[in-house]
Amino acid sequence: MATECLFREDSYLKSCEARVLALTEQGGVVLDRTVFYATSGGQPGDSGTLTTSAGVTVPVATAVYTDAAKSEIAHVPAPNAPALKVGDAVTATVDWDKRYARMRMHTALHLLSAALPYAVTGGSVGEAESRLDFDIPEAGLDKDEITAKVNAMIAGNAAVSARWISDAELASNPGLVKTMSVKPPMGTGRVRLIEIAGLDLQPCGGTHVRSVGEIGKVQVTQIEKKGKLNRRVRIALV
Ligand SMILES: [Zn+2]
């Protein structure tokens with residue numbers, strides 16, 4: 001059963017009214033609509049709460065997709081949470097501070113990929129620290145130089161916008177895909193493109209801030225060698 005993913009159109013929604021459509025075998029709660037981002041593309045699923053009209057609150061540890069097409073989301077209750085029933089009306093609310101930190105971090109990773117124009121082989125978004133792995137044959141990356149480059153982009157406060165293109169349009173523009181390990185979800189007929197005006201354009205399903213000034217200052221904290229061709233670059237919000 002499809003979940004309407006409200007976070008794709010508006011990543012600033014902190015809560016929504018929803019109805020329980022189904023319960024998965026693992027105890028996950030499937031809603032008709034949600035503001036919870038589900039684990040994908042290196043960004044963890046949101047935590048938060050589902051509260052019934054009777055005032056029962058179910059803490060949610062994370063959210064995950066139940067299908068490869070990423071059409072249905074299960075909200076995973078914390079251990080020993082009260083049970084919900086199909087048909088229950090709930091208010092779904094994300095842990096906003098954590099989510100907003102991830103939005104800032106995720107957007108900062110787009111800028112990092114613009115500052116280091118190499119193929120990305122992996123990545124991970126966290127509240128405290130995030131990383132991208134780059135396919136770069138030689139070392140010689142300078143932490144301070146990259147930090148200065150990214151912070152200069154942030155100071156420009158470029159707008160971040162999303163639009164959808166067809167699978168066919170993406171297939172005819174393979175240069176748009178920077179991440180080799182995480183292929184954009186294709187097969188549904190359309191792909192979401194994230195544009196940071198003048199700086200970056202790539203398919204992405206994650207949650208971002210509206211303008212890069214919201215990221216605040218970042219710092220490259222570590223550059224590690226991961227195999228012959230890989231360099232792992234870690235950043236933190238400062
Ligand atoms: Zn993104």
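This is a predicted model: local features need pLDDT of at least 70, side-chain atom pairs count only at pLDDT 80 or more; totals for chains, interfaces and linings use all residues.
Biologist: Let's start with the metal. Which residues are the protein donors of the zinc ion?

Modeller: Look for the atoms that reach the ion. Here the donors are His106 (NE2), His110 (NE2), Cys204 (SG) and His208 (NE2), lying 2.0 to 2.1 Å from the zinc ion. Along the sequence, these donor residues are spaced H-x3-H-x93-C-x3-H.

Biologist: Are His110 and His208 buried or exposed?

Modeller: For that, you check the relative accessibility. His110 has 4%, so that residue counts as buried. His208 has 6%, so this one counts as buried too.

Biologist: And what is the geometry of the zinc site?

Modeller: The general idea first: ideal angles are 109.5 degrees for four tetrahedral donors. In this model the angles among the four donor atoms run from 99 to 125°, and the site is tetrahedral.

Biologist: Okay, on to rings. How many aromatic pairs does the count come to?

Modeller: Three aromatic pairs. One of them is Tyr12 with Trp96, which is tilted, at 6.1 Å centre to centre and with 45° between the planes. This pair links distant parts of the chain: Tyr12 sits in the loop between α1 (6-9) and β2 (15-23), and Trp96 sits in helix α2, 84 residues apart. Tyr12 is buried, with a relative accessible area of 14%, and Trp96 is buried at 18%.

Biologist: What about Trp96 and Tyr100?

Modeller: Those two form a stacked pair, 5.5 Å centre to centre with 25° between the planes. Both lie in helix α2, four residues apart, which is about one turn of the helix. Tyr100 is partly exposed, with a relative accessible area of 23%.

Biologist: Where does the charged end of Arg210 sit?

Modeller: Over the ring of Tyr12, 3.6 Å from its centre. Likewise, the charged end of Arg190 sits over the ring of Trp164, 3.7 Å from its centre.

Biologist: Now sheets. What is the order of the strands in the open sheet of four?

Modeller: The order is β9-β10-β15-β14, with antiparallel pairing. β9 (120-124) and β14 stand at the edges with a single partner strand each, so one side of each has no neighbour in the sheet. On average, neighbouring strands here are turned by 20° against each other, direction ignored.

Biologist: How many bridges are there between β9 and β10?

Modeller: Four bridges, with β9 and β10 (residues 129-135) pairing in the antiparallel sense. In this pairing you can find Val120 opposite Phe134 in β10.

Biologist: Which strands are joined to β2 by bridges?

Modeller: Among them is β8 (residues 89-94), which runs antiparallel to β2 and is joined to that strand by five bridges. Ser15 has Thr93 in β8 as its bridge partner. Then there's β3 (residues 29-31), also antiparallel to β2, with three bridges. There, Leu23 has Val29 as its bridge partner.

Biologist: And what happens in the hairpin of β2 and β3?

Modeller: Five residues lie between the strands, and Gly27 takes a positive phi near 95°.

Technical notes: Residues are numbered from 1 along each chain as its sequence is written. Side-chain values use heavy atoms; hydrogens and water are left out. Donors are N, O and S atoms within 2.8 Å of the metal (3.2 Å for Na, K and Ca); water is not among the atoms, so sites may look incomplete. Four donors count as tetrahedral if all angles lie between 85 and 135 degrees; four count as square planar and six as octahedral if opposite donors are over 155 degrees apart and all others between 65 and 115; anything else is irregular. Buried means under 20% relative accessible area, exposed over 50%, partly exposed in between (1.4 Å probe, protein chains only). Rings of Phe, Tyr and Trp (its six-membered ring) pair if their centres lie within 6.5 Å; planes under 30 degrees apart count as stacked, over 60 as edge-to-face and the rest as tilted. Helices (H or I, at least four residues) and strands (E, at least two) are DSSP runs, numbered from the N terminus. A charge sits over a ring if NZ of Lys or CZ of Arg is within 6 Å of the ring centre and within 35 degrees of the ring normal. Two strands pair if DSSP finds at least two bridges between them. Axes are lines fitted to C-alpha atoms, for helices over the stretch in contact, and angles run from 0 to 180 degrees between N-to-C directions.
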